[in-house]
Amino acid sequence: MRKYLKSSVILVLVVAMLAIGGMNCTQAPSDVYKVGAVFDITGPASNLGVPEKQTVAMMVNQINEAGGINGHPLEVIVYDTEGDADKTAMMVNRLIEQDEVLAIIGPTRSGSSLAIIDTITTAEIPQVSCAAAIGIVEPVEERYWIFKTPQTDKEAITEIYTYLQGANVTDIAIVSDTSGFGAAGRDILLADAADYGITILDDQTFDSGDTSMLSQLTHISGTDAEAVVCWSTDKESAIVAQDMQTLHMDIPLFCSHGIANMAFIDAAGDAANGVIFPAGKLLIVDEVPASDPQKEVLTNYRDDFEALYGEGTISTFGGHAYDALSVVVMALEQMDEGLDITEARTAIRDGIEQITDFAGTGGVFTMSPTNHLGMAPGSLAMIEIVDGEWTWLQ
Amino acid sequence: MSADQFLQYLISGLTIGSIYALVGLGFTIIYAVTRIINFAQGEFVMLGGMLSFYLISSVGVPLAPALILSVLIAAMIGAIMYTLAIRTARRASVISLIIITIGAAVFFRGIAGEVFPWGVDFVRPPYFTGGESISFLGAYIHPQALWIIGTTLVVTVLLHLFLSYTMVGKALKACAISPVAAGMVGIDARAMALIAFVLAATFGAIGGVVMAPLTLTSYNVGFMLGLKGFVAASIGGFKSPIATVIGGLTLGIVMSLAVGVDWGPFSSAYKDAIAMIVLLLILLIRSGRLAEEERAS
Amino acid sequence: MLARVKSKWTYLVIAALLAFSILIPFDWFLGQYTVLMIFIGIFTMVTVGLCLLMGYTGQVSLGQAAFYGMGAYFSAILSKTYSVNPWLAMMMAAAATGAFAYVIGYPFFRLRGNYLAVATLGLGVIIHILLRQLGPGGPDGMAGIPYLSIGGFAFDNYFKRYFLVWFFCLATLFISQNIVRSRTGRALRAIHGSEAAAESIGINVDQFKVKIFALSAVYASLAGSLFAHNMAHISPSTFDPMASVVIVVMAVIGGLASIWGAIFGAATVAILKYELLLGFGEWDIVVYGLILMLVMIFMPEGLFVGLRELFGRWRLRYAQRGAEP
């Protein structure tokens with residue numbers, strides 16, 4: 001009996017080897033334009049990743065119903081990174097090797113984006129990230145294949161500091177979380193303050209997942225800070241807003257663009273009123289004048305998205321995905337027919353780099369060999385929450 | 001640090017410490033009666049808060065019934081967990097039981113992240129009595145924080161009375177002192193274990209229900225809460241509810257003051273690490289006595 | 001694991017498996033699974049350390065990710081920031097991590113059961129926070145970690161690293177097997193059977209436990225270093241307390257005290273994580289939770305070991321039935 005077992009194992013192995021080898025030899029070329037996407041659909045950044053995924057799904061439908069790209073149907077293969085940097089690397093590798101996509105959009109977060117720079121560059125495939133860190137596209141000589149569409153933390157903080165300077169505020173306190181996003185923001189806040197005549201009197205931190213910032217805020221209220229700048233995601237920022245209200249801290253609270261969704265307002269309740277933060281114009285689309293080049297894109301995106309997913313569901317995060325996929329689609333539209341995969345990837349990369357004055361949801365983009373973000377100044381708006389609604393602070 | 005500030009740190013420390021104390025009570029009860037460390041304790045807290053939000057917002061149950069119902073459901077889950085997972089693993093080794101409770105914790109966390117309509121987002125159930133903070137001797141306290149501290153005190157007192165003056169309570173204490181002796185006087189160890197689990201789930205859920213409006217909640221809050229609650233229980237020596245509560249309050253106040261003192265390694269970024277170091281020190285200092293206890297059971 | 005009589009068929013099976021494995025990274029064969037296989041190899045190394053620890057000391061460590069992370073970070077920092085040769089960096093990392101584990105092992109192993117488990121959990125939390133706060137790049141981690149290379153030949157693509165990782169993995173497994181069959185192994189089995197009895201015949205139980213703990217740390221460290229030199233980028237989130245739980249899952253599936261079973265445990269989790277449970281959100285940890293509970297309730301020696309015993313009993317029954325006239 002034993003020897004039959006062993007020989008059948010050998011037989012199975014040999015047959016498997018031949019079958020697998022045979023299967024992989026024949027690959028039929030396809031008519032479909034395949035693009036890959038990696039988003040944090042679950043995990044701590046899922047409130048960014050889910051609208052990104054939803055936006056992509058919406059766009060693919062719209063494009064295919066209109067006949068595709070030059071007649072080619074568009075397929076976007078979306079993988080969930082689960083907020084895990086290693087999984088992101090795995091999924092990106094899978095998209096490149098197995099699914100053989102022409103371009104990749106995402107990931108959602110800076111940490112994951114930084115982690116795959118090597119992989120993308122070695123594989124020579126264009127990527128448009130949806131994350132904030134400036135290190136994703138700089139130094140641009142080492143980021144030949146990588147682009148991004150969201151504003152960097154630096155631009156957001158510049159808006160805040162410019163506003164504070166205009167309001168003659170000189171002493172502030174900052175509170176940030178210890179995640180990649182929070183730490184990156186904190187670094188820029190500390191580094192750039194002096195340029196705007198601002199002194200940081202107190203620098204407090206908390207961990208993502210902390211449930212009370214009362215101690216940190218108590219410490220801050222012992223200083224003469226005229227304003228608090230909080231650099232964190234929506235959940236913790238909501239707790240900061242709530243705790244500031246508990247402590248009767250009357251000074252204004254400025255937050256990061258991480259609170260650019262309704263979840264913050266729902267969670268912070270009354271404490272959300274008066275909070276000011278920089279974000280894309282998507283949140284205040286109705287106040288954008290008709291003369292603004294972004295008006296049409298913003299209005300259409302808002303109407304289409306909310307028609308599909310419900311009122312009040314838009315966020316700037318979905319907007320980043322819209323911009324990312326749009327630039328890829330624009331490059332695909334310009335691409336010649338009949339290219340093989342390597343040539344196609346190169347063509348798309350070149351196409352993205354040549355984009356000029358593209359009015360997206362996050363801003364107006366002009367890419368170039370020296371700038372793979374290309375966002376024109378004035379793309380961000382300072383927004384204040386009044387009565388639970390977003391209003392544009394001009 | 002001014003006097004006002006000190007009082008404020010004390011109040012925030014008491015608030016968060018009460019939360020740790022409630023979590024810690026669950027650990028203490030289960031450990032005392034069964035010698036098991038229930039790594040899923042933090043998840044009961046999470047479930048309390050999540051269930052209350054679900055009942056209030058998705059099902060439309062009014063506040064008070066929703067809170068009670070959440071705690072009851074959690075208690076039932078505790079009973080089911082004991083019956084299906086712990087009791088069936090007869091005479092399992094200590095590692096097995098540890099891993100089983102970890103498995104349960106991970107299981108609850110995953111399910112919580114999937115079955116509720118808001119998925120992995122965070123949610124905030126409504127405050128019990130509004131959000132206007134109350135001024136107290138120069139410091140402020142949120143009304144929900146008063147609920148948290150008050151609930152912890154009430155629960156502790158009730159538990160103490162229960163253990164000292166009721167038959168079941170005394171039977172539990174007997175098991176805690178010596179399972180063998182308790183068995184000899186006819187106390188059913190398995191029934192006591194079941195009660196311990198139900199009580200632990202109940203207290204955990206009460207904690208969750210009362211803190212969620214203030215701290216927000218989501219599917220993954222169980223881990224760190226459980227860990228901090230465990231530190232509270234270990235400071236209290238896993239002995240009595242009162243010791244556990246003192247442990248929790250101490251931990252909360254120490255962590256709050258650490259932020260206030262703002263010295264060197266005690267920056268706010270390291271406060272979780274400090275809690276763990278406190279834990280390790282306690283364990284190592286007591287290691288001799290703890291080892292004897294383990295060997296005795 | 002007594003030595004079996006090796007028939008020529010056994011060698012043929014092993015040869016076929018070997019041929020199969022060598023062919024995997026080729027594009028025309030199963031090349032798309034190369035990265036997955038690399039992860040399996042690395043995970044196996046971490047797992048086998050824990051299997052030995054759990055199997056032979058009866059204790060569980062909920063902080064193995066700490067050593068995994070220390071190996072990754074030490075090796076990365078030494079080789080990138082201080083331009084140390086990556087091989088040397090790897091060895092130095094393993095030595096440092098092993099020494100660290102040895103030193104904390106003595107006070108830690110004075111605790112037992114539950115308390116030791118919690119102490120290791122606390123260790124895992126502390127190391128994770130330290131890596132996150134003090135590691136270069138902070139929470140986003142560090143990139144640009146150099147690849148391993150021999151002379152001019154650099155392991156700069158997944159194909160080459162597949163063989164590198166599996167060389168180390170198999171070496172680890174063989175070394176472990178040797179340890180288990182040696183005098184040390186017999187001492188360990190004696191301890192596993194009864195600590196009191198082992199003490200009475202002069203075995204220094206505590207010292208053995210600490211040694212196994214240190215060994216598991218060294219394995220985890222090597223695995224971490226290989227991970228760092230494979231991904232070229234590491235971040236602290238890979239080494240968080242949940243990662244320690246996943247390592248326990250792999251060890252539980254592989255089987256306590258099982259060496260070759262560790263591959264099974266690592267493969268199961270890797271395939272679940274990166275293939276089967278894709279896009280299922282949090283259901284993957286639901287599955288992990290179920291596995292942990294069900295396996296420990298019904299097969300407390302581990303899944304692989306339990307299945308092997310079931311298989312053995314089935315074969316025995318089959319053979320007996322065949323023997324009847």
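The open sheet of chain A has five strands in the order β2-β1-β3-β4-β5, with parallel pairing, where two strands pair if DSSP finds at least two bridges between them and strands (E, at least two residues) and helices (H or I, at least four) are DSSP runs numbered from the N terminus. This is a predicted model, in which local features need pLDDT of at least 70, side-chain atom pairs count only at pLDDT 80 or more, and totals for chains, interfaces and linings use all residues. Residues are numbered from 1 along each chain as its sequence is written, chains are lettered from A in the order in which they are written, and side-chain values use heavy atoms, with hydrogens and water left out.

User: What is the bridge partner of I104(A) in β4(A)?

Analyst: Strand β3 (residues 104-105) of chain A pairs with strand β4 (residues 127-129) of chain A in the parallel sense, over two bridges. In β4(A), the partner of I104(A) is Q127(A).

User: How many residues of chain B are in contact with chain A?

Analyst: Contact means heavy atoms within 4.5 Å. On the chain A side 30 residues take part, and the number of residues on the chain B side is 31.
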